Amino acid sequence: MTATCQFDCLALNASEPAAAAAWYAKHLGGDPLVGYSSGGKILSGAEFPANTGVARLEWHHAEAPGPSIGTGLDHSGWSVDNLDELHAAMLADGATEFWEPRHFGPAKLYISFVTDPWGAKIELLEDAKHPGFHHVHILGPDCEEDRAWLLEHVPGPAETFKDVLLAVNYGTMRVLFRQTDDELEPTAGRAIDHLAWTSAAGGGRHTSPTGVDIQVRGA
């Protein structure tokens, strides 16, 4: 596989895909996609600002997807400039608070966490250098091995985010890695289902040793 992989989309599951797409678009500045299809299926989707480009989210129907918490694909992260206001607005619109806004870690990033009404965990953070869709966070017992596995399937520039977290920077978004000894469930069928990239070489579907599902599509 060549180093032509570009991040394509974050795929989620929800009992009400259209409502979920509208909820994210409303709160995170996205544009709903009308008549969007993927893999021959009509899906609900939306595009969002992501650094200097755009990122797409798509929702598949699942009547009762398990939460993203407890899987190796824990949450999506969004860089915003109105964190306190947005955190409160999400709670007022069906989200559940996981962490109230706070400064966290050596970099003292201002962050908060909520869980959306369909079970997907969201991090809000302030990072003026990368507005919009910011990252996804992969958990596992060995961050070096997790990153090496991802780089094998979807090459990209390796880095250390804020001098703390191992990362791969795909331009429009990053994949960050965090160590955990918790037992993790597979992502397939959960609120955050899989990640997808495009590559001139194609690739197919892959599942990491910790159950993170990814897809590499032909460009």
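A residue counts as buried when its relative accessible area is under 20%, as exposed when that area is over 50%, and as partly exposed in between. The legends below use these words for a predicted model.

**Close-up 1**
A pair of aromatic rings is described by the distance of the centres and the angle of the planes. Trp23 is part of helix H1 (residues 17-28), while Trp118 is found in the loop between strand E9 (109-115) and strand E10 (121-125), so the contact ties together parts that are 95 residues apart in sequence. Both Trp23 and Trp118 are buried.

**Close-up 2. Phe7 and Trp197 belong to a cluster of linked aromatic rings.**
The count of aromatic pairs in the model comes to 12. Ring pairs join Phe7, Trp23, Tyr24, Phe48, Trp59, Trp78, Trp118, Phe133, Tyr170 and Trp197 into a cluster. Phe7 has a relative accessibility of 10% and therefore counts as buried, and Trp197, with a relative accessible area of 0%, is buried as well.

**Close-up 3. Two charged side chains sit over aromatic rings, Arg102 over Trp99 and Lys121 over Phe98.**
Arg102 lies over the face of Trp99, at a distance of 4.2 Å from the ring centre. In the other example, the charged end of Lys121 is placed over the ring of Phe98, 4.2 Å from the centre of that ring.

**Close-up 4. Helix H1 and helix H2 cross each other.**
Two packed helices are described by the angle between their axes and the distance between the axes. The axes of H1 and H2 (residues 83-92) come within 10 Å of each other and cross at roughly 155°, which means that H1 is roughly antiparallel to H2. The crossing in which H1 passes H2 is right-handed.

**Close-up 5. The cysteines form no disulfides.**
A disulfide is a covalent bond between the sulfur atoms of two cysteines. The closest cysteine sulfur to that of Cys5 is in Cys9, at 14 Å, and this is too far for a bond, since a disulfide needs the two sulfur atoms to be within 2.5 Å. Cys5 is buried at 10% relative accessibility, and Cys143 is also buried, with a relative accessible area of 15%.

**Close-up 6. Asn51 and Asp163 have a positive phi.**
Most residues other than glycine have a negative phi. Asn51, although not a glycine, has a positive phi of about 60°, and its place is in the loop between strand E5 (44-50) and strand E6 (53-61). With a relative accessible area of 26%, Asn51 is partly exposed. Asp163 likewise has a positive phi of about 60° without being a glycine, and it lies in the loop between E12 and strand E13 (165-169). Asp163 is exposed, at a relative accessible area of 73%.

Technical notes
Residues numbered from 1 in each chain as written. Predicted model: local features only at pLDDT ≥ 70, side-chain atom pairs only at ≥ 80, totals over all residues. Heavy atoms only, no water. Buried < 20%, exposed > 50% of the residue type's maximum accessible area, 1.4 Å probe, protein only. Phe/Tyr/Trp six-rings, centres within 6.5 Å; stacked < 30°, edge-to-face > 60°. Helix = DSSP H or I, 4+ residues; strand = E, 2+ residues; numbered from the N terminus. Lys NZ or Arg CZ within 6 Å of the ring centre and 35° of its normal. Axes fitted to C-alpha atoms, helices over the stretch in contact; angles between N-to-C directions. Parallel < 35°, antiparallel > 145°, perpendicular 65-115°, else oblique. Left-handed = near helix turned anticlockwise from the far one by under 90°.
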